[in-house]
Amino acid sequence: MTWWRNAIVYQIYPRSFADSNGDGVGDLRGIVEHIDHLTELGVDVVWLSPVYPSPHDDNGYDISNYQDIDPVFGTLDDFDTLVETLHRNGIRLVMDLVVNHTSDEHPWFAESRASRDSPQRDWYWWRPPRPGMTPGTPGAEPTNWVSYFGGPAWEFDEATGEYYLHLFTRKQPDLNWENPEVRAAVHDVMRWWLARGVDGFRMDVINMISKDPSLPDGQPGTAGAAQGLLADGRPHFICGPRLHEFLREMHDSVFARHPAQLLTVGETPGISHEEGRLLTDPARRELDMVFQFEHVTLDCGQTKWDRRQLDLRELKASFARWQNGLGDGWNSLYWDNHDQPRAVSRFGDDDPEYRERSAKLLAAVLHLHRGTPYIYQGEELGMTNVPFSHIDDFRDIESLNHYRHAVASGADPDDVLDALRSRSRDNARTPVQWTNGRHTGFTTGTPWLPVNPNHTEINAADQRKDPDSVFHFHRRLIALRHTESVVVDGDYTLLLPQDEQVWAFTRRLDSTELLVLANLSRDHVAPALDPTPWAHADTLLTNYPDAGQPPSPFRLRPWEVVVYRRVVVAGS
Ligand code: NOJ
């Protein structure tokens with residue numbers, strides 16, 4: 001069996017994890033110093049967000065050298081120590097591979113922009129201005145695509161009179177994967193890290209590497225009022241014509257030649273479960289699993305800044321679609337990462353009365369689905385969104401650009417700030433809350449992003465001492481996946497799909513069946529399920545101390561989750 005089917009992955013965003021040298025930014029030695037946190041939790045894999053040299057326009061997702069470590073995070077020796085320490089503790093390491101784009105400060109781009117005749121010109125997407133338009137003026141861009149972080153996806157380069165494509169910031173030019181030299185260079189980088197001992201890759205926006213080479217315009221009117229002339233170009237670069245071919249080529253020339261089995265997970269915004277099945281079907285030799293985005297868009301309108309009330313029925317249906325829709329493929333399971341607001345504030349209830357219970361409930365629901373669960377640093381403590389009060393409190397380029405563009409187009413600054421408070425990526429990026437002390441024990445200096453004031457109530461030191469904490473609940477869930485094969489391999493059935501408060505499902509493997517019952521509300525509820533078959537079930541896990549035998553009829557208190565296990569006898 002592939003080892004990652006019963007593994008749990010823990011994501012480290014190094015800038016915010018732990019600072020060992022007092023410069024206010026987390027680093028590799030800081031991770032080594034906190035290895036006991038990971039071993040006590042029991043995780044199997046660390047996914048490390050980018051640590052490569054970078055100008056940090058997008059906090060390291062803009063890489064200027066693929067084969068080194070940024071001095072702010074340490075050295076290659078520190079990296080080797082980290083790999084060795086993790087491996088000694090039975091934890092594998094997955095690197096973040098950001099190869100849809102580089103930094104504009106990468107030597108490849110410097111060479112490419114040097115002249116129109118550069119031998120590396122074609123490593124990026126260069127195009128002349130739109131005919132008849134004045135270069136550098138609005139509307140002269142080669143296509144009308146909006147960039148993910150606001151404004152046009154093209155930047156004019158005065159020196160050579162052409163534009164380059166950047167789907168993200170203008171400091172993140174897109175590589176041209178049509179060019180076989182680019183693909184070979186990326187494969188070399190991957191082999192270099194594998195030779196250093198890494199165990200796999202998380203691949204940033206990997207479903208954007210193949211663009212329609214004719215670069216058609218997006219449908220006018222699809223980019224939101226604030227974006228003027230611009231339009232949504234996604235149909236022309238999400239899962240483009242050669243995506244599967246490029247991934248198969250990578251698989252065959254890199255992964256398949258590696259002596260050990262790796263973990264490869266692609267970040268793939270905007271895909272359907274049918275596309276997910278193609279990407280993860282082992283017979284097709286592309287990726288092991290993907291991060292899909294369906295469930296994290298259900299509370300969004302046209303953009304992530306337009307908030308919409310979440311309908312639990314849609315959330316359950318989305319999970320069920322992916323559970324049952326991947327065929328021989330495999331799911332990754334996540335609520336949180338460095339791009340998403342904190343799950344307990346978004347899908348749970350961060351009111352102090354319900355925070356811990358709802359954090360545990362979300363963890364149980366996620367981990368008991370079929371797939372590989374991902375925990376984002378601090379999620380195991382139930383860290384919440386942050387009470388940012390002013391635009392100057394934010395550091396994230398996406399948030400700052402959105403504020404600038406929205407206010408310039410007439411939006412009320414208070415409304416924009418309100419949306420940022422619930423949706424900004426900085427919610428996930430405040431330092432991990434280690435203690436209730438100064439700067440929460442993250443740094444002895446000044447943290448690059450201030451700590452959440454609630455670290456006095458939510459912190460690792462207190463939770464590791466408290467067997468009833470969110471931390472220990474995660475530890476029990478992780479242990480359950482390691483010991484109960486039904487959690488890994490059991491069939492999945494969604495129950496009560498129309499219930500607006502209860503999330504109920506079963507997992508079944510041979511004669512073992514689990515029932516997960518969760519109440520995502522502050523009400524007392526009575527799920528309309530027949531309790532008879534569960535009368536003699538064991539209670540495997542719960543977030544209320546006194547849950548004993550299954551009640552008849554079933555009843556759930558506010559934000560209660562209970563997991564029952566029974567042995568199925570013929571006919572029951
Ligand atoms: C997805 C990453 O997760 C995000 O943090 C980054 O800004 C974009 N890709 C661009 O690399």
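Let's start with Glu-484. In this predicted model, Glu-484 counts as buried, at 14% relative accessibility. The cut-off for buried is under 20%, so 14% qualifies. Where does Glu-484 sit? In the loop between helix 15, residues 470-483, and helix 16, residues 485-489. What does Glu-484 touch, leaving aside neighbours within four places in sequence? Thr-512 and Arg-565.

Helix 15 packs against helix 10, residues 355-367. The axes are 10 Å apart, and the angle is about 15 degrees. That makes helix 10 roughly parallel to helix 15, because the limit for that label is under 35 degrees. The crossing is right-handed.

Who makes the contact? From helix 10, take Glu-356, Ala-359, Lys-360, Ala-363, Ala-364 and His-367. From helix 15, take Val-470, Phe-473, His-474, Leu-477, Ile-478 and Arg-481. By class, this contact of helix 10 with helix 15 has seven nonpolar, two polar and three charged residues.

Next pair: helix 11, residues 397-408, and helix 12, residues 413-423. Their axes come within 10 Å and cross at roughly 155 degrees. Parallel or antiparallel? Helix 11 is roughly antiparallel to helix 12, since the angle is over 145 degrees. The crossing of helix 11 and helix 12 is right-handed.

On the helix 11 side we have Ser-399, His-402, Tyr-403, Ala-406 and Val-407. They meet Pro-413, Val-416, Leu-417 and Leu-420 in helix 12. Sort that contact by class and you get seven nonpolar residues, two polar and no charged ones. Recall that the contact of helix 10 with helix 15 had three charged residues.

On to the aromatics. How many aromatic pairs does a search of the whole structure find? It finds 30. Two numbers describe a pair of rings: the distance of the centres and the angle of the planes. Take Phe-156 and Tyr-163. Their ring centres are 5.0 Å apart, with the planes at 50 degrees.

Is Tyr-163 buried or exposed? Tyr-163 is buried, with a relative accessible area of 2%.

Last item, a group of rings. One aromatic cluster is formed by Tyr-52, Tyr-66, Phe-79, Trp-108, Trp-123, Trp-192 and Trp-193.

How values were computed
Residues are numbered from 1 along each chain as its sequence is written. This is a predicted model: local features need pLDDT of at least 70, side-chain atom pairs count only at pLDDT 80 or more; totals for chains, interfaces and linings use all residues. Side-chain values use heavy atoms; hydrogens and water are left out. Axes are lines fitted to C-alpha atoms, for helices over the stretch in contact, and angles run from 0 to 180 degrees between N-to-C directions. Helices (H or I, at least four residues) and strands (E, at least two) are DSSP runs, numbered from the N terminus. Angles under 35 degrees count as roughly parallel, over 145 as roughly antiparallel, 65 to 115 as roughly perpendicular and the rest as oblique. A crossing is left-handed if the near helix is turned anticlockwise from the far one by less than a right angle, and right-handed if clockwise. Contact means heavy atoms within 4.5 Å. Ala, Val, Leu, Ile, Met, Phe, Trp, Tyr, Cys and Pro count as nonpolar, Asp, Glu, Lys and Arg as charged, and the others, Gly among them, as polar. Rings of Phe, Tyr and Trp (its six-membered ring) pair if their centres lie within 6.5 Å; planes under 30 degrees apart count as stacked, over 60 as edge-to-face and the rest as tilted. Buried means under 20% relative accessible area, exposed over 50%, partly exposed in between (1.4 Å probe, protein chains only).
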